[in-house]
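Student: I have a model open and would like to learn how to read it. Could you walk me through it?

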Protein chains: 2
Amino acid sequence: MPYKLLQDNILNNVEMSSSEIELLCKCFIPTSVNRGDYLLQQGNVCNFEGFVIEGCFRIYNIDDEGKEHTLYFAVRDWWLMDIDSFMNQTSSELNIQALEDSKVLKINRLRKEALYNESHRVEKLFRIMSQKAVAAWQRRLIRNHSMKAKDRYSYFINTYPEIAQKITDRQISSYLGITHEFLSKIKKG
Amino acid sequence: MPYKLLQDNILNNVEMSSSEIELLCKCFIPTSVNRGDYLLQQGNVCNFEGFVIEGCFRIYNIDDEGKEHTLYFAVRDWWLMDIDSFMNQTSSELNIQALEDSKVLKINRLRKEALYNESHRVEKLFRIMSQKAVAAWQRRLIRNHSMKAKDRYSYFINTYPEIAQKITDRQISSYLGITHEFLSKIKKG
DNA sequence: CGCGACGTTGATTTGCCTCAACGATTGTGG
DNA sequence: CCACAATCGTTGAGGCAAATCAACGTCGCG
C-alpha cells in the first residue's frame, strides 16, 4: 500500500478525516522511474509535484559553466518539484533525476490547484509544508555561511545518513558547494 | 493610510473582497521602532509577523564565534519574522533590528493562527507567500554556490538598489557571506 | 570634544579550486 | 562472459579567492 506513507506524511501536518484524506490521495498517481531517468529537465515546465515512496532523486541545476549545483536529495517520504517553475509555469532551471529505480506518487498541477480551492485543509497542508520548507532553507543558508566545508560534510552525513548511503561523493560535493577533489581531501584529513 | 500598502501587497497574491481585506488588515497593529531597536532578539520566541511600512530592518544570526550572518533585509513592502521560531514556538536564533526609525504593521501569532482557520483565503494568501519564499531561497542558494563574491555583490546592488542605499558595507558583506575587508577590496578592484 | 563604529589598505595565511594523472569500480555492448 | 569505456575516488602540484590580523584616517553621535 504505497498510499499509507503519503497519508502518514499528510497527517503529520494537518488533521483530516479518513474520507477526505482518501479523496486527496486518489489524486496522486503511482509512477515508476528507472535509475538515471529524469522527472524534469532544465528548460521544461514543471507541471507536477511528487512524493517519493522508494528510491532516491537528486534535484540540481547546471550553470552556464556546466557545473552542477545540487539543491537537495529526495528519498522515501520526501516531496519534490521545482516550485518556482510550477507556480509561475516558467521554464525550469532544475533537473530531477532518479539515482535508483524509484517509485513516486505524482499529482498534476491543475489537479492540485483545483484541490486548493475545493478544500481549506489542503490549502492548510501545503501552507504548513511550505513554511517548514522556508525555515529549513534559511537554516541551510546560515550553515553554509557559518561552517567550513568539513563541518558541513559532517553535518550532512550525520543528519541524513540514509541519503548519504545511497549517493556518490561527487553528488555530496555538489550539494555542499565544493569540488569532489576537495571533498576527497576532507575525508582523508 | 499605512494599510493601503498592506492591502495592495495582499491583493497581489490573492483576490479578496474589500470587506474581507479590511477585516484582515484590522488585525495588524501599527508599531514604531527606533533606529537600533530590536523587534526580536536571539533566545526569545517570535510571536508576531511584521509588514514593513517604512524604514529598514536586518534579520541576522550571531554564531558561536560571534560572527554575524544576515539572512535578509526588509524595507517598505517586505514581510519579516522568524518563521521557525514562530511556527514551533522555540527559542529564536535570529535578531531583527531596525537600521532606521521604522514603521511596521504587526500581527500577533494567536490572532494569525485564528485567521487561518476562519478564512480559507487567508490560508491561501500565506500558502502562496510561503511558496514564493521557498523559490526565492532556493535561487539564493544556487547563486551562492555558482557565483563568486564579486558577482554576488553586483547582483545584490543591482537587484536591491533601494536596500543597498540604506545599509552599510559591513551589513552587505554579512549578507553575502564574506568579510567586510574583502568587500572593500572587491569594490576597489 | 572624544569615543566607537566604519571603510580602507597591506602583509600573511588558509580554504578551496584547477588541472593532470592514476588505479579502482561500475556499466555496457559484443 | 569478457573487454572496453565511462565514471568514480584519490593524490599531488600549483594557483586563486577569501580570511585573518593589524594599523590607520574618517565620520557620526553622545
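Tutor: Helices (H or I, at least four residues) and strands (E, at least two) are DSSP runs, numbered from the N terminus. This is a predicted model, where local features need pLDDT of at least 70 and side-chain atom pairs count only at pLDDT 80 or more, while totals for chains, interfaces and linings use all residues. Residues are numbered from 1 along each chain as its sequence is written, and chains are lettered from A and ligands numbered from 1 in the order in which they are written.

Student: Which helix gives the most to the surface near DNA strand D?

Tutor: A residue is near a strand or molecule if its C-beta atom, placed from the backbone, lies within 6 Å of it. Here α9(A) gives the most, with six residues. In total, 16 residues surround DNA strand D, and Thr168(A), Asp169(A), Arg170(A), Ser184(A) and Phe182(B) are the closest.

Student: How do I read a sheet?

Tutor: Strands of a sheet pair through backbone hydrogen bonds, either parallel or antiparallel. Two strands count as paired if DSSP finds at least two bridges between them. In chain A, four strands make an open, antiparallel sheet in the order β2-β7-β4-β5. β2 (38–40) and β5 (68–75) of chain A are at the edges with a single partner strand each, so one side of each has no neighbour in the sheet.

Student: How many bridges join β4 to β7 in chain A?

Tutor: Four bridges join β4 (residues 56–62) and β7 (residues 95–98) of chain A. Look for Ile59(A), which stands opposite Ile96(A) in β7(A).
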